[in-house]
Amino acid sequence: MLTQRQLFLQHNAQTSPEPLMLEFVRAKGVYIYDSSDKKHLDLIAGIGVSNVGHCHPAVVKAIQEQAETYMHLMVYGEYVQTPQVNFAKALADILPESLSCTYFLNSGTEAVEGAMKLAKRYTGKKGFIACKNAYHGSTQGAESLMESDFYSSGYGPFLPHVSFIRHNNIADLTKITEEIAAVFIEPIQGEAGIRVADLDYMVALKAKCQETGTLLIFDEIQSGFGRSGKMFAFEHYNIVPDVLLLAKGIGGGMPIGAFISSLEIMSVLSHTPILGHMTTFGGHPVCCAAGLATLRTLVDNGIVEDVEEKGQLFKSLLKHPAIKEIRGKGLMLAVEFESFEVNKKIIDACILDGVLSDWFLHCSNSMRIAPPLIITKTEIEEACSIILKNINLVLE
């Protein structure tokens, strides 16, 4: 009889030469349990997915009830399906008026792809601008917005007419011209190691986009739904994007993404040709039911209100000469060490000690801290104690 690990290596496509091979059997709240029933404190929440924790009772109940009512009925956009309608309306209720129309998809990458098509169709332009060290997804269109040769080599050619600017560099905004359909930007860059945009930069970016008739598209796939200490990261800047991208944390653990704009902008996808953007499973009723339950849980329980304080607690407790810097907002943090080698040893030691973390694609010397937003102060203290202990062990 082959073990699960052996079957995994034989039948599941691998994404790295040396996968972690951790075998988990259940999860609840901020903990994931392995096959020996050892619990692991989850500091990455499935890369910013499980914002309300694993298997939150309200989300599980919504999934069960919707699964018993109906699941897939038709490709997205033709039937009036209550879970889709209710989730879209709930999003519109907490977003600015210009972000009132939602297109649901299966993932963040699909949200990026849809927004790229939307920008071209609405503006009639072909060019895009994205930031250096950005991450917007792994499909061909989304990966065209990522400059890194390391991650894209062997997979091109990618889309033409894409230029790159430095995140937080006002001088580079001159590259935004009237030929550019849209600028894609993470207000808080994720895989670059949590780089928070300055207010002055964001104000200048918004003004430049308005001047050139360019759509400003905020990728909040990681930073949205409370992760930054506000429901959406754009609220830190009092700037409303033309298009908002969401995924990861909005489904409570279920696969769902969305791009959101005004009814006027979104309407261009409905004609010339009809079905200008299509998805079979996007807006799946069960995923939308889970999304609505997640949103209500965050709002009704005031979970987002404590996120900034919890982030500050991490920063205050993680004091060590080996820590070069802690960057971020809320519970979207990067703890920087001297090198990837040091960081990796600390992460591996913490995993053995029951704390799960990882690093960033474009910033491998920094540890990711992005736990479920429901993490308690006691659990934060426990996590920091284990991290500090293992920093000392690694550096002995």
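Start with Cys 209. Its sulfur is 11 Å from the closest cysteine sulfur, in Cys 131, and that is too far for a bond. A disulfide here means a pair of cysteine sulfur atoms within 2.5 Å. Cys 209 is buried, at a relative accessible area of 1%. Buried means under 20%, exposed means over 50%, and partly exposed is in between, with a 1.4 Å probe and protein chains only. Cys 131 is buried as well, with 1% relative accessibility. How many disulfides does the whole structure hold? The search finds 0.

A word on the source. This is a predicted model: local features need pLDDT of at least 70, side-chain atom pairs count only at pLDDT 80 or more, and totals for chains, interfaces and linings use all residues. Residues are numbered from 1 along each chain as its sequence is written, and side-chain values use heavy atoms, with hydrogens and water left out.

Another cysteine, Cys 55. Its phi is positive, about 55°, although the residue is not a glycine. Cys 55 sits in the loop between α2 (45–48) and α3. Helices are DSSP runs of H or I, at least four residues; strands are runs of E, at least two; numbering goes from the N terminus.

His 161 lies in the loop between α7 and β6. Pro 157 is found in the loop between α7 (149–152) and β6 (162–165). The peptide bond from Gly 156 to Pro 157 is cis, with omega near 5°. Where else is there a cis bond? From Thr 272 to Pro 273, again with omega near 5°. Pro 273 is in the loop between α9 (263–266) and α10 (285–300).

Now the sheet. It is open, with 3 strands in the order β13-β14-β16, and the pairing is antiparallel. Two strands pair if DSSP finds at least two bridges between them. β13 (325–329) and β16 (366–369) stand at the edges; each has a single partner strand, so one side of each has no neighbour in the sheet. β13 is joined to β14 (residues 332–336) by 5 bridges. Gly 328 stands opposite Leu 333 in β14.

Last, Met 74. Met 74 is in the loop between α3 (57–69) and α4 (82–94). Met 74 is partly exposed, at 31% relative accessible area.
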